[in-house]
Amino acid sequence: MVTTAANLQKGQKGIITEFPNEGFPLKLMEMGCLPGNTVELIQVAPFNDPIYINVGDSHIAIRRSLAETIVLELIED
């Protein structure tokens, strides 16, 4: 099933399949936010923004609007 990082539920994991090349922060790519890597939703802040994700060995807080650009293939447990 295809979704975005913004639609994950707490504890859900997905593999990054794509994201827009233009406008995507280079810093996130340097932290491991690359196609093929696993993303797990750790926590959601009050008022649902930002979200706290685990990508590889990095824990990252990102805005929901940016998370909507990260397309994932869900990992079914």
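Predicted model: local features only at pLDDT ≥ 70, side-chain atom pairs only at ≥ 80, totals over all residues.
**Stop 1**

Six strands make an open sheet, and their order across it is 1-6-2-3-4-5. The pairing is antiparallel. From one strand to the next, the twist averages 40 degrees.

Now select the two ends of that order. Which strands stand at the edges? They are strand 1 (2-4) and strand 5. Each has a single partner strand, so one side of each has no neighbour in the sheet.

**Stop 1: strand 6 and its two partners**

Select residues 71-74, which make up strand 6. Click Thr-4: Val-71 of strand 6 stands opposite. Click Thr-3: here the residue opposite is Leu-72, again in strand 6.

Next, bring in strand 2. How many bridges join strand 2 to strand 6? There are four, and these strands also run antiparallel. Ile-16 has Leu-72 as its bridge partner in strand 6. Keep Leu-72 selected, as Thr-3 stands opposite it and Ile-16 is bridged to it.

**Stop 2: Thr-17**

Move to Thr-17, in strand 2 (residues 13-18). Is Thr-17 buried, exposed or partly exposed? Its relative accessibility is 38%, so Thr-17 counts as partly exposed. Select its contacts, leaving aside neighbours within four places in sequence. They are Pro-35, Val-71, Leu-72 and Glu-73.

Pick the C-alpha atoms of Thr-17 and Ala-5. They are separated by 11 Å, and the residues lie twelve apart along the chain.

**Stop 3**

Zoom in on Ile-53. Leave out neighbours within four places in sequence. Its contacts are then Val-39, Glu-40, Leu-41, Ile-42, Ser-58, His-59, Ile-60 and Ile-62.

**Stop 4: Asn-54**

Step one residue along to Asn-54, found in strand 4. At 18% relative accessibility, Asn-54 falls under the 20% cut-off, so Asn-54 counts as buried. With residues up to four places away in sequence not counted, Asn-54 touches Thr-38, Val-39, Glu-40, Ile-42 and His-59.

**Stop 5: the salt bridge**

Finish with charge. Side chains of opposite charge can pair when their charged atoms come close. How many salt bridges does the model have? The count is one. Select Asp-49 and Arg-63, whose side chains meet at 3.9 Å, N to O.

The pair links distant parts of the chain, 14 residues apart. Asp-49 is in the loop between strand 3 (38-44) and strand 4 (51-55). Arg-63 is in the loop between strand 5 (58-62) and helix 2 (64-67).

Last, show the surface. Asp-49 is partly exposed, with a relative accessible area of 31%. Arg-63 is exposed, at 57%.

Note on methods:
Residues numbered from 1 in each chain as written. Heavy atoms only, no water. Helix = DSSP H or I, 4+ residues; strand = E, 2+ residues; numbered from the N terminus. Buried < 20%, exposed > 50% of the residue type's maximum accessible area, 1.4 Å probe, protein only. Contact = heavy atoms within 4.5 Å. Salt bridge = Lys/Arg side-chain N within 4 Å of Asp/Glu carboxyl O. Pairing = 2+ DSSP bridges. Axes fitted to C-alpha atoms, helices over the stretch in contact; angles between N-to-C directions.
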